[in-house]
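User: I would like to learn how to read a few features of a structure. Please take them in turn.

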Amino acid sequence: MPRSADNKTERFQIRIPPVQKAMIARAAALSHKDMADFILDKIVPEAQAVIEAAEVTKVSDRDFTRILDLLEHPPKPNARLQAAITALPDTL
C-alpha cells in the first residue's frame, strides 16, 4: 500500500526495542518496502479485522431467515413485555 504524496498523512510515533526495530527493518527490506509501508501493510488489515469482529454479527442462513421472519411478523406482546413498557419513563 504505497503512500501517495497528495494524501494527507499524520505522524505516529512508537517506542520499540532496538531488536524489534531491526527485525522490522530487515523484513521491510526483504519485502522491498520502507518500514512505514511494511508496518501499514500488516497492521491495517489486522485493525480492520478487529473492528469487523466487534461490529459485525454473523449468523447462519437459518438464523437469518428466522430473524427476518420475526421482524416481519413479530409476536404479540405478552403480559411481561407490556408491564415493562408501562414501567418505562415517559422521557424515552
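User: What percentage of the 92 residues of the protein count as buried?

Analyst: This is a predicted model, in which local features need pLDDT of at least 70 and side-chain atom pairs count only at pLDDT 80 or more, while totals for chains, interfaces and linings use all residues. Residues are numbered from 1 along each chain as its sequence is written, and side-chain values use heavy atoms, with hydrogens and water left out. Buried means under 20% relative accessible area, exposed over 50%, and partly exposed in between (1.4 Å probe, protein chains only). Here, 4% of the 92 residues count as buried.

User: How many helices and strands does the protein have?

Analyst: Helices (H or I, at least four residues) and strands (E, at least two) are DSSP runs, numbered from the N terminus. The protein has four helices and zero strands, in the order α-α-α-α from the N terminus. The radius of gyration, taken over C-alpha atoms, is compared with a globule rule of 2.2 Å times the number of residues to the power 0.38. For this protein it is 25 Å, well over the 12 Å that the rule gives for 92 residues, so the protein is more spread out than a compact globule. Its C-alpha trace spans about 65 × 35 × 30 Å along the principal axes.

User: Which residue has a positive phi although it is not a glycine?

Analyst: Most residues other than glycine have a negative phi. His32 has a positive phi of about 60 degrees. His32 sits in the loop between helix 1 (18–30) and helix 2 (35–55).

User: Is His32 buried or exposed?

Analyst: His32 counts as exposed, because its relative accessibility is 74%.
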